[in-house]
Amino acid sequence: MEVFIPHVSAPRFAAKFVNIGLWLLFLTAMASAEIQTHTFVLQSTSVKRLCGTHNIITVNGQFPGPTINVSNGDTLIVKVYNNAQYNATIHWHGVRQFRTAWADGPEFVTQCPIRPGGSYTYIFTVTGQEGTLWWHAHSSWLRASVYGALIISPRLGTTYPFTKPDSQIPIVLGEWWNRNPIDVVNEATRTGAAPNVSDAFTINGQPGDLYQCSTSDTFRVSVKAGETNLLRVINAAMNTDLFFSVSNHTMTVVAVDALYTKPLRTNFLMLGPGQTTDVLLVADQGIGRYYMAARAYSSGQGVAFDNTTTTAILEYEGSSTTSAPTMPSLPFYNDTKTVTSFADGLRSLASRDHPVFVPRRVDENLLYTIGLGLINCPGQTCGGPSGSRFAASMNNISFVLPTSFSILQAQQLGKKGVFTTNFPDNPPLQFDYTAQNISNSLSSPVKDTRVKALKYNTTVQLILQGTNIVAGESHPIHLHGHDFYIVGAGFGNYNSQTDPQKFNLVDPPMRNTVNVPINGWAAIRFVADNPGAWLMHCHLDVHITWGLAMVFVVNNGPDRLLSLEAPPSDLPLC
């Protein structure tokens with residue numbers, strides 16, 4: 001089935017207005033835009049953590065990798081050389097990639113991997129985005145150590161919609177294994193069991209004072225009394241939602257996922273893997289030293305998790321370096337009520353300069369169940385419950401990556417047999433998705449490579465419905481190539497008659513990653529205005545490994561400027 005067929009959708013004033021606005025924004029940004037070039041070398045690097053020396057994969061020998069600073073409208077050219085022993089790709093998490101899906105990065109979705117010894121150049125323009133995003137590997141579990149911040153400043157002549165900070169500090173939360181993470185996931189894949197949990201969390205690559213052999217390298221940041229600091233917090237952890245707090249300080253949330261919000265004062269943050277949060281922190285406490293700390297939010301009953309705490313130190317100029325920092329009070333590890341209250345407090349800024357365009361008319365109304373499952377192991381005993389193998393799915397389809405072509409390449413070349421376009425719009429079987437003790441007969445998904453095709457400019461409402469099969473958990477669902485409005489969320493089963501009456505269509509938060517609550521649902525709306533093949537998946541890497549993913553394939557628009565660009569000449573081959 002040919003999906004990239006130019007077509008003219010039904011005229012719609014609002015859609016035309018948004019498209020015209022985007023292009024005016026693009027032209028304005030280009031007037032002051034820069035072209036930045038960077039070189040990434042993937043390589044094995046020796047580092048010391050937790051009393052041992054480990055060889056990890058890094059970019060340019062740095063862990064975390066280099067921070068890239070750009071302005072709205074800039075074009076990035078990043079040449080990636082793979083000198084590591086594993087296949088690799090780089091994903092620019094949250095970048096819209098208008099017409100440049102070839103640069104998005106997920107392995108076997110928009111490109112074949114960069115083989116050891118190979119290279120690929122990612123070229124894309126950051127259009128209409130400001131705030132904190134990040135980049136990371138998107139092949140196997142390489143992103144455990146291959147990641148870094150992507151900071152997007154307002155374009156020349158504009159400024160932030162909040163007090164200009166005196167300093168900006170990236171705070172990248174990570175997850176550390178004493179074993180090679182690739183070996184960890186490969187062993188789990190071989191046995192069918194859940195992978196081992198991590199040994200530590202990190203802040204800017206360092207575990208902090210509460211771990212053995214780590215105190216001397218704890219990340220420290222110096223601030224001046226009275227000044228306003230912009231903390232750009234990124235959850236780059238592999239498999240863990242994280243609480244974050246700064247002792248004795250109140251933070252003001254001003255953006256999430258590079259999208260401005262109404263100011264929200266809070267003593268803590270909760271970020272799912274993949275999410276970012278920008279906060280203003282005024283250094284208004286006594287001269288001293290204060291811990292920044294992060295630890296797990298683990299919603300699933302009986303699900304193993306890393307229960308350690310990572311710390312960094314915020315130290316005022318003039319404070320004694322020998323004084324003991326004070327520790328913040330973080331929510332309890334399974335405090336879902338507090339997590340829900342924080343999420344409910346987030347609202348889009350919805351100002352004149354940063355308006356919202358919440359779709360009111362819906363063309364595609366979709367309901368996707370998301371959750372875990374089990375697959376039988378005929379003739380052998382696997383490491384999952386009752387000798388089975390762990391799996392995960394959307395609408396009972398456990399996603400399988402192709403191996404001979406990427407989905408986008410297969411589509412462009414008209415290659416048959418790589419994927420099918422029959423991903424279901426609704427669950428194949430309706431049942432009480434969040435009930436206790438769900439029958440084992442409902443736990444076995446179908447392994448397949450299916451996509452959902454969307455016409456250009458289609459307005460989509462998607463209900464993401466969590467299930468309690470095997471174990472209910474919160475799921476951070478990330479959509480590539482698009483931002484979306486979170487118009488509603490709740491616990492239990494979504495009710496199509498009563499729940500839409502409570503939707504926020506005025507100033508809902510806009511994100512690229514939504515935390516679907518444990519045994520609950522989230523409703524998102526977006527316009528499919530970006531041609532390409534766009535992965536949607538759980539950002540708990542253990543879950544995407546098990547198949548909790550699918551792909552939207554969006555048609556070309558009605559003309560060349562609204563259509564996918566030609567593939568680059570150095571696009572890797574499978």
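**Figure 1. Position of Ser 299 in the predicted model.** Ser 299 sits in a loop of this predicted model. The loop connects strand E18 (289–297) with strand E19 (309–316).

**Figure 2. Burial of Ser 299.** The relative accessible area of Ser 299 is 14%. Buried means under 20%, so Ser 299, at 14%, counts as buried.

**Figure 3. Surroundings of Ser 299.** Leaving aside residues up to four places away in sequence, Ser 299 touches Thr 336, Glu 473, Ser 474 and Ile 518. With Ser 474 there is also a polar atom pair: a polar atom of the Ser 299 side chain lies 2.9 Å from the backbone nitrogen of Ser 474.

**Figure 4. The chain around the site.** The chain comprises 5 helices and 32 strands. Its radius of gyration is 23 Å, close to the 25 Å given by the globule rule for 574 residues, so the chain is as compact as a globular protein of that length. The C-alpha trace spans about 70 × 65 × 55 Å along its principal axes. Of contacts between residues at least 6 apart in sequence, 80% join residues at least 24 apart.

Figure 5. The accessible surface of the chain comes to about 22200 Å², with 51% belonging to carbon and sulfur atoms. The chain carries 36 positive and 38 negative charges, and the mean positions of the two sets are 4 Å apart.

Terms used: Residues are numbered from 1 along each chain as its sequence is written. Side-chain values use heavy atoms; hydrogens and water are left out. Helices (H or I, at least four residues) and strands (E, at least two) are DSSP runs, numbered from the N terminus. The radius of gyration is taken over C-alpha atoms; the globule rule is 2.2 Å times the number of residues to the power 0.38. Contact means heavy atoms within 4.5 Å. Accessible areas come from the Shrake-Rupley method with a 1.4 Å probe; for residues, only the protein chains shown count as cover. Lys and Arg count as positive and Asp and Glu as negative; His and the chain ends are not counted. The place of a charge is taken as NZ of Lys, CZ of Arg, CG of Asp or CD of Glu. Buried means under 20% relative accessible area, exposed over 50%, partly exposed in between (1.4 Å probe, protein chains only). A polar contact is a pair of N or O atoms within 3.5 Å; within protein, one must be able to donate a hydrogen and the other to accept it, and residues adjacent in sequence count only if both atoms are side-chain atoms.
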